[in-house]
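Thanks for coming. I have one structure to show today, and I will keep to a few places in it.

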Amino acid sequence: MRDENCIFCKIANGEIPSRTIYEDEQFRVFLDLSPAAKGHALIVPKEHYANLYELPEELAADAMRLAKKEMSLMTQKLSCDGFQLVQNNGETAGQTVFHFHLHLIPRYRTDGQKIAWEPGSMSDEELDAVKDQIIS
Ligand code: 5GP
Ligand code: ZN
């Protein structure tokens, strides 16, 4: 299943060139054009799924297995000091390309990046209420 208007469908399937660092039947991993840090890459499935909600469970598991492998390889080759995985779902959460992707972001002590959130605060009662709302 592909979406002919989707840029990541075109990149993942080789219609648009990319700086590919890994490819198999299910995924292409290529460098982000606007990297947060040196080596910032994206794991992208070749089939079109808009986000993690839509991604089949088995493909999600395979994406995470691949992330672990690539993260170890990239850490060796780039000698980075840390590593972040980022995955955005929906505009509110910062998603700008609506084809599932997992960011692989090597981090360096001196990279000056801030990929984080402002810590909030909640009362014990509010935390209890949230827990009760989502517990399964
Ligand atoms: P999102 O904000 O959806 O989580 O991430 C989308 C990412 O895709 C961004 O980091 C952006 O730099 C990257 N990106 C957008 N268009 C292209 C493109 O045409 N080629 C490549 N290699 N990266 C892209
Ligand atoms: Zn797509």
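I will go through a metal site, then a strand, then some salt bridges. Please keep in mind that this is a predicted model.

Let me start with the metal. Which residues coordinate the zinc ion, ligand 2? They are Cys6 and Cys9, each through SG, and His48 and His99, each through ND1. The distances run from 2.0 to 2.3 Å. The angles among the four donor atoms are 104 to 117°, and the site is tetrahedral. For reference, the ideal angle for four tetrahedral donors is 109.5 degrees. Along the sequence, the spacing of the donor residues reads C-x2-C-x38-H-x50-H. Take cysteine 6 and histidine 99 as a pair: they link distant parts of the chain, 93 residues apart. Cysteine 6 sits in the segment before α1, and histidine 99 is in the loop between β4 and β5. Cysteine 6 and histidine 99 are both buried.

That brings me to strand β5, residues 102-107. How many of its six residues are buried? Six of the six are, and the strand is mostly covered. On one side we have Leu102, Leu104 and Pro106, on the other His103, Ile105 and Arg107, and both faces are covered.

What does β5 pair with? Strand β3, residues 41-45, pairs with β5 in the antiparallel sense over three bridges. There, isoleucine 43 has leucine 102 as its bridge partner. Strand β4, residues 82-86, also pairs with β5 in the antiparallel sense, over five bridges.

Now the salt bridges, of which the structure holds eight. Aspartate 111, at 21%, counts as partly exposed; the cut-off for buried is under 20%.

A second one lies within helix α2, residues 57-78, where arginine 65 and aspartate 62 are three residues apart, about one turn of the helix. Their closest N and O atoms are 2.8 Å apart. Arginine 65 is exposed because its relative accessibility is 51%, while aspartate 62, at 19%, is buried.

Two more items on this topic. Lysine 131 and aspartate 132 form a salt bridge at 3.1 Å, N to O, and lysine 131 is partly exposed at 43%. Finally, Glu23, Arg28 and Lys46 are joined in a network of salt bridges.

That is what I have.

Technical notes. Residues numbered from 1 in each chain as written. Chains lettered and ligands numbered in written order. Predicted model: local features only at pLDDT ≥ 70, side-chain atom pairs only at ≥ 80, totals over all residues. Heavy atoms only, no water. Buried < 20%, exposed > 50% of the residue type's maximum accessible area, 1.4 Å probe, protein only. Helix = DSSP H or I, 4+ residues; strand = E, 2+ residues; numbered from the N terminus. Pairing = 2+ DSSP bridges. Donors = N, O, S within 2.8 Å, 3.2 Å for Na, K, Ca; no water. Tetrahedral: all angles 85-135°; square planar, octahedral: opposite > 155°, others 65-115°. Salt bridge = Lys/Arg side-chain N within 4 Å of Asp/Glu carboxyl O.
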